[in-house]
Amino acid sequence: MTAGFSRIGFILAAAGSAVGLGNIWKFPYVTGENGGGAFVILYLIAIAFIGLSIFIAESYIGKESRANAAAGYQAISKSNNKNWRWAGFQIFAGIIILSFYAFIIGWIIDYLIISVTGLPATIKEAEDTFTNLITHKIGTQILFHTIVVATMIFIALKGVKNGIEKLNLILMPLLALILFGLLMYSMTLDSFGKAIDFMFMPDWSKVTVDSVLAAVGQAFFTLSLGMGIIITYSASMAKDANFIKSSVFVAIVDTSVALIAGVIIFSFLFAAGAKSTAGPGLVFISLPLIFAGWGVFGQIIAVAFFCALLFAGITSAVSLLEPSVRYLVEKFDMSRVKAIFLASGFLYILGILALLSMSADYGEALTFLGKNLFDHMDYLTSSVALPISGFVTCIFLGYFVDKSELKAKFTSQTNVMVFNIWLVLVRYIVPVAIALLFLNKLEII
Ligand code: PHE
């Protein structure tokens with residue numbers, strides 16, 4: 001095994017995993033679609049109660065077992081029960097997510113180039129640029145997908161400390177700097193106040209059951225939960241690190257970045273009188289158009305913005321590979337190099353199939369049971385695998401580990417009240433919330 005994280009390295013890497021496309025791309029558009037302020041409040045509640053409890057739970061499993069996300073469950077289960085290894089299915093879900101996360105990062109590279117060479121000047125052009133990329137520019141997408149996967153392989157080969165930790169040590173401060181600059185600029189716009197109002201003044205009439213579910217789903221995704229990532233990273237955490245404090249810190253950083261990205265993006269959108277409800281196209285269609293209207297200065301802002309998105313994406317992508325790598329190394333006694341190439345090769349090919357399934361030429365061939373391959377993969381992971389694994393993790397720690405040991409470990413890091421609140425959450429509240437979410441998504445209730 002390679003060397004583990006330093007104390008600060010772990011926090012940075014976990015924050016690097018959490019802060020990703022989910023914060024800068026997805027959070028603003030989901031907030032826009034769900035009416036702003038009220039959704040933000042739901043999201044904050046979901047992070048504080050559901051997301052943070054599971055984050056702490058995963059961190060505990062990793063830190064105590066110091067094993068991969070399958071063996072880790074077995075190692076700390078009451079009677080060393082082998083069946084708990086099945087909880088490791090989440091590692092597989094992670095690699096599926098990574099296969100499409102990688103080519104979406106590829107889109108960002110394409111937009112970085114567009115930012116330099118010329119942004120779309122009309123709404124039609126902006127829409128066509130995006131649609132064209134997905135449906136027709138297969139070669140471009142595969143090229144950037146290859147570059148992203150190769151970068152991940154390169155970092156992973158260098159190991160946890162010299163690869164992942166170093167990458168985060170460089171990219172996270174850069175990301176913070178760019179976001180700070182963009183925030184400062186958005187403050188000079190008249191629309192800044194409107195953006196703040198939109199984000200923080202709740203209009204409860206806009207809230208539906210779906211908004212609640214979207215908030216919980218987003219809390220899961222944004223904290224990188226349910227895919228064995230936090231377990232795997234925590235397994236390389238310094239032995240004397242405080243897993244509760246670092247969990248809280250990462251949740252705060254992640255939430256702050258989402259809120260700041262939201263304020264920046266809505267200031268830009270409102271400055272141009274654009275709508276907040278553009279969905280996934282918000283960042284790839286609405287924003288480029290606005291940047292184009294600002295001339296050369298807009299191009300500079302565009303480059304900064306897409307760089308931020310790229311950096312945030314890469315640090316998350318790298319974290320998604322590690323659970324599989326650690327699993328393969330420990331389970332099959334494989335060399336790290338072999339494990340990296342095996343996992344990456346699999347996700348590389350799956351990613352290409354997924355991107356082809358959205359193209360005009362191959363879409364039909366890769367559509368079955370009413371959805372294309374990409375939609376199936378997205379649905380099976382985000383809506384099925386993630387909630388199930390969150391549920392399993394809560395039930396596991398709530399009922400199937402030695403409680404006095406659990407209590408002792410927690411109270412060595414925090415006070416007993418925090419432990420009690422956490423235990424009530426993972427035993428009762430979070431599993432029920434996830435079960436409701438899950439059944440609703442599957443349209444059973
Ligand atoms: N948390 C990352 C984000 O918000 C996404 C991610 C999900 C990363 C799952 C790793 C695993 O974009």
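## A look around the predicted model

Let's start with a lysine and a ring: Lys 194 lies over the face of Phe 270, at 4.7 Å from the ring centre. Keep in mind that what you're looking at is a predicted model.

Now have a look at helix H3, which covers residues 37-65, and helix H12, which covers residues 243-271. Their axes come within 9 Å and cross at roughly 145 degrees. The crossing of H3 and H12 is right-handed. Which residues meet there? On the H3 side you'll find, among them, Val 40, Leu 44, Phe 55 and Lys 63, and on the H12 side the residues include Phe 243, Val 248, Asp 254 and Leu 259. Sorted by class, the contact of H3 with H12 has 15 nonpolar, 3 polar and 2 charged residues.

**Rings meeting rings**

How many aromatic pairs does a search of the whole structure find? It turns up 35 of them.

| Pair | Distance between ring centres | Angle between planes |
|---|---|---|
| Tyr 185 and Trp 294 | 5.6 Å | 80 degrees |
| Tyr 185 and Phe 297 | 5.1 Å | 70 degrees |

With planes at 80 degrees, over the cut-off of 60, the pair of Tyr 185 and Trp 294 counts as edge-to-face. The planes of Tyr 185 and Phe 297 are at 70 degrees, so that pair is edge-to-face too.

Where do these residues sit along the chain? Tyr 185 is in helix H8 (residues 159-187), while Trp 294 is in the loop between helix H13 (281-293) and helix H14 (295-332), so their pair ties together parts that are 109 residues apart in sequence. Phe 297 belongs to helix H14, and its pair with Tyr 185 also links distant parts of the chain, 112 residues apart.

As for the surface, Trp 294 is partly exposed, with a relative accessible area of 23%. Phe 297 is partly exposed as well, with a value of 41%.

**A serine in a loop**

One last stop is Ser 236, found in the loop between helix H11 (229-235) and H12. Is Ser 236 buried or exposed? Its relative accessible area is 10%, and buried means under 20%, so Ser 236 counts as buried. What does Ser 236 touch? Leaving aside residues up to four places away in sequence, Ser 236 touches Gly 4, Phe 5, Arg 66, Val 160 and Arg 326.

Terms used
Residues are numbered from 1 along each chain as its sequence is written. This is a predicted model: local features need pLDDT of at least 70, side-chain atom pairs count only at pLDDT 80 or more; totals for chains, interfaces and linings use all residues. Side-chain values use heavy atoms; hydrogens and water are left out. Axes are lines fitted to C-alpha atoms, for helices over the stretch in contact, and angles run from 0 to 180 degrees between N-to-C directions. Helices (H or I, at least four residues) and strands (E, at least two) are DSSP runs, numbered from the N terminus. A crossing is left-handed if the near helix is turned anticlockwise from the far one by less than a right angle, and right-handed if clockwise. Contact means heavy atoms within 4.5 Å. Ala, Val, Leu, Ile, Met, Phe, Trp, Tyr, Cys and Pro count as nonpolar, Asp, Glu, Lys and Arg as charged, and the others, Gly among them, as polar. Rings of Phe, Tyr and Trp (its six-membered ring) pair if their centres lie within 6.5 Å; planes under 30 degrees apart count as stacked, over 60 as edge-to-face and the rest as tilted. Buried means under 20% relative accessible area, exposed over 50%, partly exposed in between (1.4 Å probe, protein chains only). A charge sits over a ring if NZ of Lys or CZ of Arg is within 6 Å of the ring centre and within 35 degrees of the ring normal.
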